[in-house]
Amino acid sequence: MYKFDREAYKKRVEWYQHDRFGMFIHWGIYAVPARGEWVRSTERISVEDYEPFFKEFNPVDYDPKEWARLAKKAGMKYAVLTAKHHDGFCLFDSKLTDYKSTNTLCGRDLVREYLDAFRAEGLKVGLYYSLLDWHHPDYPHYGDRNHPMRDNEAFKDYQYNFDNYLEYLHGQVRELCTNYGKLDVMWFDFSYEQMEGEKWKATELVRMIRSLQPTVIIDNRLEVSGTGFGTLLTENPSEYCGDFVSPEQIIPPKGIVDYKGDPAVWEACFTMNNNWGYCAADKNFKPASLLIHKLVECVSKGGNMLLNVGPDARGNIPEESKQILTEMGKWMDKNGESIYGCTFSDIEKPENGRITKKGNKLYYHLYEGAIYEIPLIGIPREKVEKVRLLCDGSEVKISTNWTAMNYPDTVFVKFSDSPILPDATDTVLEVTLKD
Ligand code: GLC
């Protein structure tokens, strides 16, 4: 019987828990209609009516080196690209289908170029692979929860052979794990209703992946959807439970713990606007300051953040996303130490910000100034060796003011005469504790 190896697991996820911040990339021919990656499903578009977008797709501006530089400058340490999304279009040169980027006008293996470019920037690389496939003839159509033809009576008696689809899915995953060098993340999306676990022949699939890519880490969606945690958090995880929980568009209010109350490995994925795939009309971008706070929040609760970009049909990351990433990068440049290798502290969330922790260092992320001195809660003064402003390393003096003496578990500091914090988004104080 299968026995989950906790030691091997801890080792496998070490880099991932250190790196904390990654780029999600949703890209495909759905960038042409430009109404998000679910367009075929939401608008009930048939395979035939979707065909023009395949014929037209020609991302002349695709420059994955530029994407990789952008991700790196933002402080991201890894990336995950959609090798195939629900519409079934493959961004790689699969031998098992004609429905692939090498057969479009661009004639390029978009996955290979992405992998080469991101690796060259020293980033870890991952691939997203959709378990759903709305192009494959042997994927359930009528009556399925998501398929574009789910309520089209013409498909009511349509005969399909799901085993053929499984062979295709397994075959493509084998191609990705064999032909593209070392992969760091495999991101499957997603299980629903009875389409979960062994319906995908998940045990067999995971065994194959682990034999070809022994160090890769896998998300939990072969077992669950974005909403479930899966058996990873239980005493006896299944063989296909994956390596991390994948909350989507939400930050778990108190982080995520396993059955023993120990912190679990998780990654929250977010869109920058309201769509994963390119959506020309969606200009609802979150400000960089908010996304910085959300990154800090994830880390302060022991998780990662995977932030999405949806490049357009020409292969450009939207200007708004570039700006957000550049701004985040400026902050990360100065304050990355309070993110990488950091996790939650045992101190309750302060009113004026958040805390992340690494070894004997606590990072107080200040979002709000004070009337006079700034309280750093949860640490007795005698435990503090020193306080520094993280962005420039300058000394921050600990108060000996008589008004502070009533609060022995709080250190009060003051680092300038101005009531305005030096970084309006998040001013980070690095507190070194005595051993
Ligand atoms: C959802 C959507 C999908 C997206 C994914 C990212 O499950 O189906 O479009 O790729 O979330 O987590």
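Q: How much area do domain 1 and domain 2 bury between them?
A: Buried area is what two parts lose on being put together. In this predicted model, domain 1 and domain 2 bury about 960 Å² between them. Carbon and sulfur atoms account for 61% of that area.

Q: Which residues of domain 1 lose the most area to domain 2?
A: Look at His293, Trp331 and Asn335. Together they make up 45% of what the domain 1 side buries.

Q: How many salt bridges are counted between domain 1 and domain 2?
A: For a salt bridge, look for a side-chain nitrogen of Lys or Arg within 4 Å of a carboxyl oxygen of Asp or Glu. The count between domain 1 and domain 2 is one. As for a pair to find in the model, the side chains of Glu297 and Arg354 form a salt bridge, at 3.5 Å from N to O. The count of residue pairs in polar contact between the two domains is two.

Q: Which side chains have an N or O atom by an oxygen atom of the ligand?
A: Check the distances between polar atoms. Trp38 has a side-chain N or O atom 2.9 Å from a ligand oxygen. For Tyr128, the distance from such an atom to a ligand oxygen is 3.1 Å. His86 also places a polar side-chain atom 2.8 Å from an oxygen atom of the ligand.

Q: Where does Ile347 lie, and what is it in contact with?
A: To read a loop residue, find the elements on either side, then its contacts. Ile347 lies in the loop between H10 and strand S8 (353–358). Leaving aside neighbours within four places in sequence, Ile347 is in contact with Ile355, Leu362, Tyr364, Ile377 and Gly378. Ile347 and Ile379 are 32 residues apart along the chain, yet their C-alpha atoms are separated by 8.5 Å.

Q: Which backbone features deserve a look?
A: Most residues other than glycine have a negative phi, and most peptide bonds are trans. Arg20 is not a glycine, but its phi is positive, at about 65 degrees. Arg20 sits in the loop between helix H2 (14–19) and strand S1 (21–25).

Q: What kind of peptide bond joins Asp189 and Phe190?
A: The omega angle tells you. Here omega is about -15 degrees, and the bond between Asp189 and Phe190 is cis. Phe190 lies in the loop between strand S4 (185–189) and helix H8 (202–212).

Key. Residues are numbered from 1 along each chain as its sequence is written. This is a predicted model: local features need pLDDT of at least 70, side-chain atom pairs count only at pLDDT 80 or more; totals for chains, interfaces and linings use all residues. Side-chain values use heavy atoms; hydrogens and water are left out. Buried area is the accessible area (1.4 Å probe) that two parts lose on being put together, summed over both. A polar contact is a pair of N or O atoms within 3.5 Å; within protein, one must be able to donate a hydrogen and the other to accept it, and residues adjacent in sequence count only if both atoms are side-chain atoms. Helices (H or I, at least four residues) and strands (E, at least two) are DSSP runs, numbered from the N terminus. Contact means heavy atoms within 4.5 Å.
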